[in-house]
Amino acid sequence: MTMATQRPGAAAAPTVSAYQASVADYWNREQNPVNLRLGEIDGFYHHHYGIGDVDWSVLEGPEGTRDERITAELHRLECAQAGFLADHLGSVSPDDRLLDSGCGRGGGSLVANKRFDCQVDGISISETQVAFAAAQAKKHGVHDKVRFHLKNMLDTGFAPGSFRAIWNNESTMYVDLSLLFAEYARLLASGGRYVTITGCYNDRYGLPSREVSTINAHYICDIHPRSAYFREMANNRLVPISVVDLTAATIPYWELRAKSSLATGIEDAFLTAYKNGSFQYLLIAADRI
Ligand code: GPP
Ligand code: MG
């Protein structure tokens, strides 16, 4: 018996599991203003959260422009998060090729290209996201160097050793890490860099809390324990060089988002999970040895 399915009508679609097909369906339909209104500000559409101190003065001032100020502030914090991830990609030259794995609408790929003038391949199992991201690369005039593909991150088909760096920005909770890191050990050049920013559950808490389970149900994902990252990296020749606990740095973003008209209803689960110690927001950077 095989669980793999090929979605009808998607000629170039990768082979994905029935679970992945349901995830792709979610992202093909997703139109949250909390993502679209922020991305419209400068054409960098992100699918991750923010870090850093909030400028709470955005809540003051004229009521008529309050939403606009909050939206801009949330976007500033999400851009800070993308910049922080890029800071950990190591030395990247214009000839290098990077992989944005689980690229969403492509904002992170554009950030890395802007920073390093490098080639970036972004991959997603959502047709809608790939098409959206490709259109953005064209609008930014970088489509010669930033390309988007409908691909399964567990089985990309890219050549061995073809990437200087690979990252996942909040997308590892959609896959089995043992399969994912085996694919990255294959794809990364020797000495290449892997970076993830992720929400993980805290092994010290025990098993997933009610709030972590709520987040899983909201996004159809499966948040891994912190330990799984290090175990599966060690099993796949990925040796951590930086581990940064960003939990305290992301709480202000969620506090502002909870007060925003763009709130989606998941804000309290994140705030409670971060504050009760069951959930952590981490950056992990590792070298492929
Ligand atoms: C946010 O994307 C990230 C995910 C859906 C993966 C889950 C992340 C965890 C840290 C558990 P988004 O920007 O599309 O979400 P939202 O629409 O809520 O802003
Ligand atoms: Mg978002």
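At what angle do helix α7 and helix α10 pack, and how far apart are their axes? In this predicted model, α7, formed by residues 210–219, and α10, formed by residues 267–275, pack at an angle of about 145°, and their axes lie 8 Å apart. The crossing of α7 past α10 is left-handed.

The residues that build this contact can be named on each side. Helix α7 contributes E211, V212, T214, I215 and Y219, which meet A269, F270, T272 and A273 of α10.

Y219 leads from the helix pair to the ligand. This residue of α7 takes part in the contact with α10, and Y219 is also among the residues that come nearest to ligand 1, together with N32, N35, H47 and R257. These belong to a set of 16 residues around the ligand.

Polar atoms of the protein approach the ligand at several points. An oxygen atom of ligand 1 lies 2.6 Å from a side-chain N or O atom of H47, and for the side chain of N32 the corresponding distance is 2.9 Å. At H48, a polar backbone atom is 3.5 Å from an oxygen atom of ligand 1.

Key. Residues are numbered from 1 along each chain as its sequence is written. Chains are lettered from A and ligands numbered from 1 in the order in which they are written. This is a predicted model: local features need pLDDT of at least 70, side-chain atom pairs count only at pLDDT 80 or more; totals for chains, interfaces and linings use all residues. Side-chain values use heavy atoms; hydrogens and water are left out. Axes are lines fitted to C-alpha atoms, for helices over the stretch in contact, and angles run from 0 to 180 degrees between N-to-C directions. Helices (H or I, at least four residues) and strands (E, at least two) are DSSP runs, numbered from the N terminus. A crossing is left-handed if the near helix is turned anticlockwise from the far one by less than a right angle, and right-handed if clockwise. Contact means heavy atoms within 4.5 Å. A residue is near a molecule or strand if one of its heavy atoms lies within 4 Å of it. A polar contact is a pair of N or O atoms within 3.5 Å; within protein, one must be able to donate a hydrogen and the other to accept it, and residues adjacent in sequence count only if both atoms are side-chain atoms.
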